[in-house]
Amino acid sequence: MRGERGGIVEPTIFAIVGIGILVGLGIWQLDRKTWKENLIAAMNTRLSHAPADLPPREDWGRLEQQREEFNRVGFPAEFLPGQAALVYSAGSALRPDVKGPGYWVFAPARLAGGSLVVVDRGFVPLDRKDAAATTPPASVDIVGVMRWPETRGTFTPADDPKGNIWYLRDIKAMAAAHHWHNTAPFYIEQESPVPAGGLPKPGKLVVNLPDNHLQYAITWFGLAFGLFCVYVVYLVRRVRRQY
């Protein structure tokens, strides 16, 4: 009898732990679904608002990404000539008008008080890299969206500062390499104006984030239920063998 009890303890522990993990993953996916839906709603709301004034320099240190990102702003600024940094891109989930590989053109724009705001002026295809060097001759009224730098992932390629090619929207690294000083902690993804010739190509962001978390949750819960059924069948057969 002791051996029979011992033989059932390990499968029971395995089943309990396995079901607990699978249910936990399902609940996590439901939490992710709520988070994604809130994110999409916030993005749509902010991107639909009329552009506000750019936050003043004295407020930059108090800005929070969660509260400020994707807010539309408008401001006059003058781009510094010959200072563009190129960020490689194979496409964009938020810019469906951009097709194929190319570069985002990041350039510093000087505000009236002398501070700099880095602006993603738009996209240029690989074979039009020369268009990244064009700079508006005077101050322009920029309309765009506030964005925050990206975080480097495990598989993000190393940047090439000497070649001025970047693989991450990291304005701190760009500023250090190009000696941009007094820059804002955020950057602006430009919507308008469209430069003469059309490149770099700015554009409005379109919220098109995938939301498959419910499917994932159902999968995990289904696996948990399947494991429970397997355990019940095992337990019934074990009891029948005893009697």
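Which backbone nitrogen lies 3.1 Å from a polar atom of the side chain of Ser92? In this predicted model, the backbone nitrogen of Arg95 holds that position relative to the side chain of Ser92. The report begins with this residue, then turns to the overall fold, the backbone geometry and a surface patch.

**Ser92 and its surroundings**

Ser92 belongs to the loop that joins β3 (85-89) to β4 (102-110). Besides the contact with Arg95, the side chain of Ser92 reaches the backbone nitrogen of Leu94, at 3.2 Å. Both distances are within the 3.5 Å limit for a polar contact between N or O atoms. Ser92 is partly exposed, because its relative accessible area of 22% falls in the range between the cut-offs of 20% for buried and 50% for exposed.

**Overall fold**

The protein chain contains four helices and eight strands. Their order along the sequence is α-β-α-β-β-β-β-β-β-α-β-α. The chain is more spread out than a compact globule, since its radius of gyration is 26 Å, well over the 18 Å that the globule rule gives for 243 residues. Taken along the principal axes, the box filled by the C-alpha atoms is roughly 90 × 35 × 30 Å.

Of the 243 residues, 38% count as buried. The accessible surface of the protein chain comes to about 14,000 Å², and carbon and sulfur atoms contribute 59% of it. Among contacts with a separation of 6 or more, 68% are between residues 24 or more positions apart.

**Backbone geometry**

Most residues other than glycine have a negative phi, and most peptide bonds are trans. The sites tabulated below depart from one or the other of these patterns.

| Site | Feature | Value |
|---|---|---|
| Ser192 to Pro193 | cis peptide bond | omega near 5° |
| Leu199 to Pro200 | cis peptide bond | omega near -5° |
| Phe70 | positive phi | about 80° |
| Asn182 | positive phi | about 55° |

Phe70 is found in the loop between α2 (65-68) and β2 (72-79). Is Phe70 buried or exposed? Phe70 counts as buried, because its relative accessibility is 9% and the cut-off for that class is under 20%. Asn182 sits in the loop between α3 (171-178) and β8. With a relative accessibility of 48%, Asn182 counts as partly exposed.

**A nonpolar surface patch**

Which residues form a nonpolar patch on the surface? The patch is made up of Val9, Ile13, Val17 and Ile21, which together have about 350 Å² of accessible area. Val9 has its place in helix α1, a segment that covers residues 2-48. The relative accessible area of Val9 is 42%, so this residue is partly exposed.

Note on methods. Residues numbered from 1 in each chain as written. Predicted model: local features only at pLDDT ≥ 70, side-chain atom pairs only at ≥ 80, totals over all residues. Heavy atoms only, no water. Patch = residues over 30% accessible without salt bridge, like charges linked within 9 Å, V, L, I, M, F, W, Y side chains within 5 Å. Areas by Shrake-Rupley, 256 points an atom, 1.4 Å probe, with all protein chains shown as cover. Salt bridge = Lys/Arg side-chain N within 4 Å of Asp/Glu carboxyl O. Helix = DSSP H or I, 4+ residues; strand = E, 2+ residues; numbered from the N terminus. Buried < 20%, exposed > 50% of the residue type's maximum accessible area, 1.4 Å probe, protein only. Polar contact = N/O pair within 3.5 Å; in protein donor to acceptor, adjacent residues only side chain to side chain. Rg over C-alpha atoms; globule rule 2.2 N^0.38 Å. Contact = heavy atoms within 4.5 Å.
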